[in-house]
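My entries follow in the order I made them.

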Amino acid sequence: MTQYSDFRSDTVTRPTENMRKAMAAAEVGDDVLGDDPTVQKLESIAADMIGKEAAVYVPSGTMANSIAIKCWTNELDEVIVEERAHLYNMESTHMTFIARVTPRPLSSNRGAMNPEEVERNIRKPSVHIPRTSLICIENTHNNWSGAVVPMENLKAIREIADRHDVKVHFDGARVFNACHATGIPVKEYGKIGDSLMFCLSKGLSAPVGSVLTGPKDFVDYARRIRKALGGGMRQVGVLAAPGIVALTEMVDRLKEDHIRAKKLALTIQDLPGIDLNPDHIDTNIVIFGFKHPEISIPDFLEKLKERGILALATTGERIRFITHKDIDDKNLEKAISGFQEILSR
Ligand code: TLP
């Protein structure tokens, strides 16, 4: 059987040995009834780390984002989003389907929306016009090749939100990658959002789950919405246990993924067909334009696959590679030689 080097996402990471041990040993209760001690421990560690009053464990990042938007908005509201935001483009329309609000997408400079434009787009309600109740930000920004949104930009948006009494939700699926890239403590990012969600199941390598953090009354309401969406889970301490290992043992190693992503970008940048600026690779995601006179994107991905390398096509005739725990130097070298063999002919 082919041993694939799987660069499709950091969601493909397998749980570590310690995670499997923690799963086997996890003390459990019924979490919907509020008595699973392992889930409670995970939620308490997460809330402390982000600097929030409370946290709720949910099955996925998508559910965390959909709950947050539902909590902070009412029908007839509008939500400002960055135009390439994951929660607007990649989460099956939950903004309209669940929260029943209208997204107002704004352009950006690699994920950083212009604060003046954000302010201009905050709308006061009238008979014709929706009320803007929420601004969503994403950091690191997946579809901008894992870009780190600068802290000054985030602070400017936070300040505008406060001035207009609008909430901010922070999609921090990969917020710990942002921390490594900038050296900024995660609590500083926590201050930007009224709520912040992060994923345990991406670079941190837990098999399942995300955590939504925020004020206590918000989290109490979030639990009700989680239940309504079918996300209430019972003896789920077995899944929360590897989440605790993710937070206590896996955060520091993310920087290795950034080094490998940069190395990949620097080595492939000049190959025919590739449109990539390595200066724009801040973290573990390498997205590049691909236009080759003889090889289409599906053909290129197929040729990589024949060499045991998996990657994904993404919007705008681009290809995405993500580095993670299960990509070591050997996997990286295999990918680099794959690129060279296919494109240097
Ligand atoms: N992103 C996944 C896919 O959906 C594309 C990936 O492989 O990158 N916010 C951000 C910024 C994300 O990148 C993702 C997942 C989510 C939210 C949703 O998380 P899940 O997959 O747990 O629902």
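**Entry 1: a pair in helix 10.** I looked up Lys-216 and found a salt bridge with Asp-220, the closest N and O atoms being 2.9 Å apart. I count a salt bridge when a side-chain nitrogen of Lys or Arg lies within 4 Å of a carboxyl oxygen of Asp or Glu. Both Lys-216 and Asp-220 lie in helix 10, four residues apart, about one turn of the helix. Helices (H or I, at least four residues) and strands (E, at least two) are DSSP runs, numbered from the N terminus. Lys-216 is partly exposed at 47% relative accessibility, and Asp-220 is partly exposed at 35%. For these classes I use under 20% relative accessible area for buried, over 50% for exposed and partly exposed in between, with a 1.4 Å probe and protein chains only.

The model is predicted: local features need pLDDT of at least 70 and side-chain atom pairs count only at pLDDT 80 or more, while totals for chains, interfaces and linings use all residues. Residues are numbered from 1 along each chain as its sequence is written, and side-chain values use heavy atoms, with hydrogens and water left out.

**Entry 2: other salt bridges.** I noted 24 salt bridges in the structure. One of them joins Glu-43 to Arg-223, with the closest N and O atoms 3.0 Å apart. This pair links distant parts of the chain, 180 residues apart: Glu-43 is in helix 2 (residues 37-50) and Arg-223 in helix 10 (residues 216-228). Glu-43 is buried, with a relative accessible area of 7%, whereas Arg-223 is partly exposed at 28%.

I then checked Arg-163, which forms a salt bridge with Glu-159 at 3.1 Å between the closest N and O atoms. Arg-163 and Glu-159 are separated by about one helical turn because they are four residues apart in helix 7 (residues 151-163). Arg-163 is partly exposed at 48%, and Glu-159 is partly exposed at 43%.

**Entry 3: helix 3 against helix 10.** I asked at what angle helix 3 (residues 61-72) and helix 10 pack. The angle is about 120°, with the axes 9 Å apart. Axes are lines fitted to C-alpha atoms, for helices over the stretch in contact, and angles run from 0 to 180 degrees between N-to-C directions. Contact here means heavy atoms within 4.5 Å. On the helix 3 side I listed Met-63, Ile-67, Ala-68, Lys-70, Cys-71 and Trp-72, which meet Phe-218, Tyr-221, Ala-222, Ile-225 and Arg-226 in helix 10. By class, the residues of this contact are nine nonpolar, no polar and two charged. Ala, Val, Leu, Ile, Met, Phe, Trp, Tyr, Cys and Pro count as nonpolar, Asp, Glu, Lys and Arg as charged, and the others, Gly among them, as polar.

**Entry 4: helix 12 against helix 14.** The axes of helix 12 (residues 254-268) and helix 14 (residues 329-343) come within 10 Å and cross at roughly 20°. I therefore logged helix 12 and helix 14 as roughly parallel (angles under 35 degrees; over 145 is roughly antiparallel, 65 to 115 roughly perpendicular and the rest oblique). Arg-260, Lys-263, Leu-264, Thr-267 and Ile-268 in helix 12 meet Asp-329, Leu-332, Glu-333, Ile-336 and Phe-339 in helix 14. I classed this contact as five nonpolar, one polar and four charged residues.

**Entry 5: Gly-146.** I found Gly-146 in the loop between strand 7 (131-138) and helix 7. Gly-146 is buried at 0% relative accessibility. Leaving out residues up to four places away in sequence, Gly-146 touches Thr-140, His-141, Asp-282, Thr-283 and Ile-285.
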